[in-house]
Structure formats: C-alpha cells, structure tokens
Amino acid sequence: REASGGETPTTSSPFRARAERLLVKLLEEDGFSTRSMGIVWDNAICVEDAAAVAGTDDSTGRRAAICIEATGESQEDWKAMLDQQKSIERVGWKCLRVDAVSFLVNYTEVLAAIKKFLASVLVF
C-alpha cells in the first residue's frame, strides 16, 4: 500500500501520521518516489529517486527507509521498531529514524538532514 497519492498512512499516532504525510508530500515535490513499507517496517516509508523507479537512469535499486517515530512509544513498541530496522539493514537497506514532533516543529531543518542522509546513501 502506497503512502503517496493522498492515502492516509497507517500509523497509530496523530503526530506520526501528520509528519509522515508532510514528509511524503515534500519528498515527492522534490522528485522522490515514496511508498509505505507496510509490514516490513511499520511506520516507515521507502524512498527512491523517481528517475530510478521510472528506469530513466542507472541508479535502479538505490533506496532508503525512513521511519517516523512518535514520542511516548512504549518500550515494547520501540524495541519492535528497532528489531524491524535491524532486520532490513541486514539485507542491505539504509535506514534513518526521524522524530515526528521534531519534524513538525522544524521541518525545514529536519528535511535538510533527511536529504543529506539520502544523498549519503546515493538516493538523489
């Protein structure tokens, strides 16, 4: 299920859901392709360069996962997210965790850090 195209992300926190919608919108405006990672990593989105997805350049396969975290998660929920992250990193994914509240309060600074991360893992 894709997080883009106006669909509501499947998240449990209103901060997380709002942050994810804003992040997806801003990344897609900058030419990235996004989709929900679904059960692979709850509350995370896959980010790829739109040209790579369309097959118009040679960067096919360059993708990263961004997880939107919400303040107040239980220790059990936090551990489950960390375990999911470690599992996908073992198969080659590059991952970034973003605090939902920080993103909503100062999205320009956090978005710049996200873009720097994406560039560092060759997703641009």
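## Strands 3 and 4

Ile66 stands opposite Leu96 in strand 4. Strand 3 (residues 63-69) and strand 4 pair in the parallel sense, over 6 bridges; pairing requires at least two bridges found by DSSP. Strands are DSSP runs of E with at least two residues, helices are runs of H or I with at least four, and both are numbered from the N terminus.

The model is predicted: local features need pLDDT of at least 70, side-chain atom pairs count only at pLDDT 80 or more, and totals for chains, interfaces and linings use all residues. Residues are numbered from 1 along each chain as its sequence is written, and side-chain values use heavy atoms, leaving out hydrogens and water.

The open sheet has 4 strands in the order 1-2-3-4, with mixed pairing. Strand 1 (32-36) and strand 4 (94-99) are the edge strands, each pairing on one side only. From one strand to the next the twist averages 25°.

## Helices on the sheet

Helix 1 lies across strand 1, strand 2 (44-49) and strand 3, and runs at about 150° to strand 3. Helix 5 lies across strands 1, 2, 3 and 4, running at about 175° to strand 4. Angles run from 0 to 180 degrees between N-to-C directions, with axes fitted to C-alpha atoms, for helices over the stretch in contact.

## Helix 1 against helix 5

The axes of helix 1 (residues 14-29) and helix 5 (residues 107-120) come within 12 Å and cross at roughly 60°.

Leu22, Leu23, Leu26 and Leu27 in helix 1 meet Tyr107, Leu111, Ile114 and Leu118 in helix 5, contact being heavy atoms within 4.5 Å.
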